[in-house]
Amino acid sequence: MPEHPFSEDLVAPTELLGADAGSEAVIVAEAAAPRLPGETRRRGLGWLFWVCLAWVALLALAALLAPVLPLKAPNFQDYTAVSRGPSIHHLLGTDDLGRDLLSRIVWGSRVSLIIGFASVGIGLLVGGSFGLFAGFRGGPADSVLNAGSFVLLAFPPLLAIMVIEAFWGRTLWKLVLMFALIATPQLFRVIRATTLSFANREFVVAARTMGARTNRILLRELLPNVVPAAISFALLGVAIAIIVEGSLAFLGLSIQLPVASLGNIVNQGVQNDNLQLNPYIALWPALYIFLLLTSLNLMADRLRSRFDVRDVKL
Amino acid sequence: MGRYVVTRLVQLVAITFLISVLVFLLVHLLPGDPTLAILGPNDTPTARHELLAQLGLDKSLLQQYWIWIRNVFSGNFGKSFLTGQTVANAIAVALPIDIELIIVSQAMAVIVAVPLALLAARRPNRLLDRIATTGSFGMLSIPTFVVAVLLVLVFAVQIHAFPATGYVRFTTDPAQNLRSVVLPSIALAFGSIAVYYRLLRADLIATMQEDYITMARSKGLSTTFILVRHALRPSSFTLLAGAGISIGSLFTGAFVVEVLFQLPGLGYQLVNAIYARDYLMVQGMALVAAVGYVVINFVVDFLLTVLDPRVRRA
Amino acid sequence: MSARGRGVRVTGDDRDVDRYDRRTFLGRSAAGAAALALGGIGGPVLLSGCSSSSSASTSAKPGVGTGTPKRGGTLTVGLNSDIDGFLPSTNHFDNSGIVYANTVYDTLTAVAADGTAQPYLAQSISSNADRTVWTLSLRPDVTFHDGSALTADVVVANFRALQQSPLTGQAVKVITGVSATGPLTVQYTASEPLVAFPYYLATQVGYVVALAQLDSADPSSHPIGTGPFVFDSWEPNDHFTARRNPNYWRAGLPYLDSITYKPIAQDQSRQSSLQSGTIELMVTRDPNAIVSLQRDPSFQQVTDANPAHGQNDVGFIYLNTAVDPLSDLTVRQALACATDTAQIAKLFGAGVLQPITSPYPEGSPYRAPDNGYPSYDLAKAKTLVAQAAPRHGGTIKVELATIPDPRLSELVQAVQSMWGAAGVQATVSQIEQVTFIDNLALGSFQAYTGDQFDAADPDENYVWWSPTSAGPPGTIALNFTRNKDPELEAALQAGRTNPDPSARAQAYQQVDTLLARDLPYLWLTTNVWSMTGTDKVQNFDNPTLPGGQPARGMTAGYFTPTEFWVEP
């Protein structure tokens, strides 16, 4: 018999589905949907997972090793080779200032990937810890943290970024911190919701009744179950961060030019008639983002289906 | 039930208050003040002092906040420093644009996502499902401004199907009004389609495993019929939740679309006001956007609790 | 140059380039665009001035209507910005602002096609021998939109408002007295001879608004003027609409029933709006748009390139001479030598913009034959940098900034790279418009991009160039670069006060030379503005003065809509 739905410990359904603020962030909600009963629990993660992982690793490696790779200088403007298509000298062509696109994309991916992974990493660490704590503890601490996260999420992120940048600037690590500021409350909500759904499970209740200490429960029982979901969300969070960086570039709020970021390059590609004159500028980074994000999404998918033990039925 | 509503209302008030403080502080942290924007390069120190006094900006921050919030409660959001328009008026003019964009874009997303999800749920993990899933990820991977620019190039410039910019009010000309929101709504819908599709698909597949569905099947009803008649309704609650999440954040997130299509909605006006240091305008609009976000979230939560008996309990 | 003055035609040669380009390059499909991309954009489009030889085509000159004007109809125009209000003494009028103002107000004088300032709302204007006292007679029987009469008292009240406003007070400081000496006569007294005074009355300070507006509680929001159209509605950032003034003092005008302006800030969005039919006429200075619309036979286009008289908008970089390291003349010279303006014109001009070495256009009497402006010379730049660097801690560092405009953002990146080649370390940033202007006014900047200095008479730029407008950084000064050169002041004064045309020409040539020597500005390229309309829009660049004489056409992105008409 279904319990009365309006108990005071009610967790708002939208919270369970995942945090918000940013329509792209809704995909996090999707990932929270439980594994489908009937969907065979995979033994391994599938060959596609490993392909995607390899691809992401390759891209990350390229970004990391950019300084030592034999790339042309990303900011060098060669006025004899303006807006050229792919050729031997410039494998992906040049932009409208004569800069090599391959080099700019590799260096740009460095910026975008650092922003993506670092900000989500920080968010996971900070927001995740709070979420785990709040979800398990409940009570007044949870209410306060929850309300606090709501305030941060409701605040128009664009306004926050504009104000912060106005007096702080837009270097790489400052951007990472700004993104982390936005990611943290979202990850908090998501981890908290995940924790909540686990916190009442039999094994946790059992541990509690046996008198296990909070820390032990957190570490031994909850964490191993929350982590896969957390990583799944995190990967999606990286995907979102990269897209958001693109939108910021459009508004002129991303990393200071002439430093390349994937968002900056795409933005350059759709401005100044470049879509008509030199579509490669927009094409390559867009393709890069698409392949990277699809890989990340697929990986997140596989992780969820492999590790999620939740049921839909109540 | 009553307790739930009261708790939420209290939370709403508390969050709104905190947001108002945050908005106020952040706006006043911006370097520069509106005097130069208003007086131009010709102002003298005396003129500046006079203007500051006139605008009430010479008082302490606490005083200014108190005056502002007191006025807000009586419905007076103040006037724009620049244009002299009342903030309330400006919001009243800008808000319908956002509301219409949200309604139309989410409706589009649902119209596309529901049939796709139904089709995919018929045969999970088969070709159509895989294509739709990858396609939906693809839509998420393209930054909104790229989608918008491409839409304009194809549907406005090449084929004169829709206007490239501008908003016609519904009261002025309903037909033109609808035409003017089509392209921006499509751009906004892109991200949401993927989310609704995934959410609904997962929930549909799960629902299809229920006993009463098996019963229906044993009665000889076709899968499609069952999907539409029996599975869709209970699964649509997730859509509702997803919608709540999307909508709440679209208010200021639609800024990119508003700039490109020159739709003077809340996001666009807010950013312009920030640039002009039009404090009261920024405060008023940010407050409205944030409160809107919170209210929508609460409303959706409430609807879900009322409508969906499967709601979880912490 | 024909008497028509404005308007630009593509000559016969360019038609061939056109055809070739259209066939081979004008691929609107992605495939075509890709092909275009591989080859780079087609050859330069020459926008020459009006040639007196008639063209082979029988089509009318763009912007000039043929046949009888049609009364009635509406027009939607896309402008590049909105304004913040309609009061000339308190609101900022950029080019769009002037368009709005020209729609609902009239100026006391207007510039004719031959470059002179002629009476417009005023019936006549005269001065005493030494140009210190100017007398204006107004037209009789002119009424404002609210029915009140145009009298000398109203004009005086308007001027008082200008004097009292902190925004415009500086510009009219030189006028010490204004009074109504008759019901329709106004007398202005200046503290020094003002040869170019009639030109002032053709700018922002020459608009006349009704007393009811001046006295109202909110004078900026509802314009009441004598102009061709009556204000109907204004929604900021959305649209502005005005309807025909049935009692306009110019008989038979305007032709249109109503006109609507839509501010569309993004260049590309504005162009798309025109191409998709959302607007029927647009203003732009985006060279790519100018080129692609020039090639499109479904549009008519005029530009303000190669003006016959006066100065156009030019693109340059402000160098703040009051701060380190730009206070060092050697550094400024090095920067000038390091900037390859020809390359900049190539990269960003789409063949439309020309590199410049002077604010005065070719053929202007005020342009010095050889002003000595440093030409591009990388080797010399490096030498100068090496010379100056020790004085500035070993490396010369400059902060270069612009507004968040896509084209300007690319421009500063190119300039940064060019300066870098000479050994100057430049950083690049984008600063939003309001802060940008604030910084310029306060002198808290090093090198900022600029687009300015259009003027019908060179004296209009006095307030921007004069050392008397320069104050130390931290105080507001209109001479943003704070260049204090007593020789420059002397030359500017000579031009301002000496009525003899050849003496004036000499004086301003001296100004040209001194600016090239002092280098407060790094001249980059011309700015070309265009007006492009569909075939429906007629006569959008053929303005006349009340007597029938042709008026100056569209310049620097502003125009007067009085004589436009539309084909049904």
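Modeller: Two residues are in contact if their C-beta atoms, placed from the backbone, lie within 7 Å. Please keep in mind that this is a predicted model.

Colleague: How should I describe the way two helices are packed, and at what angle do the axes of α10(C) and α12(C) cross?

Modeller: One looks at the approach of the axes, then at the angle, and then at the handedness. The axes of helix α10 (residues 341-349) and helix α12 (residues 406-421), both of chain C, come within 11 Å and cross at roughly 150°. Because of that angle, α10(C) is roughly antiparallel to α12(C). The crossing in which α10(C) passes α12(C) is right-handed.

Colleague: Which residues of α10(C) are buried, and what covers them?

Modeller: The buried residues in α10(C) are T341(C), I344(C), A345(C), L347(C), F348(C) and G349(C). Their cover includes α8 (287-294), α12 and β17 (521-526) of chain C. The backbone also deserves a look just after this helix, where A350(C) takes a positive phi of about 50°.

Colleague: May we set another pair of helices beside this one? How do α6(B) and α8(B) cross, left-handed or right-handed?

Modeller: The crossing of α6(B) and α8(B) is left-handed. The axes of helix α6 (residues 127-141) of chain B and α8(B) come within 7 Å, at an angle of roughly 145°. On the side of α6(B), the contact is made by A132(B), S136(B), F137(B), M139(B) and L140(B); these meet F190(B), G191(B), I193(B), A194(B), Y197(B) and R198(B) in α8(B). The contact of α6(B) with α8(B) comprises eight nonpolar residues, two polar and one charged.

Colleague: What is the general idea behind a nonpolar core?

Modeller: In soluble globular proteins, nonpolar side chains tend to be buried together. In this model, the largest nonpolar core has 182 residues, and those with the most contacts inside it are A154(A), A113(B), A148(B), I193(B), Y196(B) and M285(B). Helix α8 (residues 174-208) of chain B supplies the largest share of this core, 19 residues. There is also a second, separate core of 157 residues, which includes A202(C), V208(C), V352(C) and M531(C).

Colleague: How does one decide whether a single residue is buried or exposed? Why does V434(C) count as buried, and why does H28(B) count as partly exposed?

Modeller: One counts the C-beta atoms around the residue. A residue is buried if 20 or more other C-beta atoms lie within 10 Å of its own, exposed if 12 or fewer, and partly exposed in between. V434(C) has 20 C-beta neighbours inside 10 Å and therefore counts as buried. H28(B) has 17 such neighbours, so H28(B) counts as partly exposed.

Colleague: Where do these two residues lie in their chains?

Modeller: V434(C) lies in helix α13 (residues 433-442) of chain C. H28(B) belongs to helix α1 (residues 2-29) of chain B. Apart from neighbours within four places in sequence, H28(B) is in contact with L61(B) and Y279(B).

Colleague: Finally, how may chains A and B be summarised as a whole?

Modeller: Chain A has twelve helices and zero strands, and 58% of its 314 residues count as buried. Chain B has 13 helices and zero strands, and 51% of its 314 residues are buried. Of the contacts in chain A between residues at least 6 apart in sequence, 72% join residues at least 24 apart. The corresponding share in chain B, for residues 24 or more positions apart, is 71%.

Colleague: How many residues does the contact take from chain A and from chain C?

Modeller: That contact takes 21 residues from chain A and 24 residues from chain C. On the side of chain A, helix α11 (residues 274-277) gives the most, with three residues. That side divides into nine nonpolar, nine polar and three charged residues.

Notes. Residues numbered from 1 in each chain as written. Chains lettered and ligands numbered in written order. Predicted model: local features only at pLDDT ≥ 70, side-chain atom pairs only at ≥ 80, totals over all residues. Helix = DSSP H or I, 4+ residues; strand = E, 2+ residues; numbered from the N terminus. Nonpolar A, V, L, I, M, F, W, Y, C, P; charged D, E, K, R; others polar. Core = buried A, V, L, I, M, F, W, Y, C linked by C-beta atoms within 7 Å. Axes fitted to C-alpha atoms, helices over the stretch in contact; angles between N-to-C directions. Parallel < 35°, antiparallel > 145°, perpendicular 65-115°, else oblique. Left-handed = near helix turned anticlockwise from the far one by under 90°.
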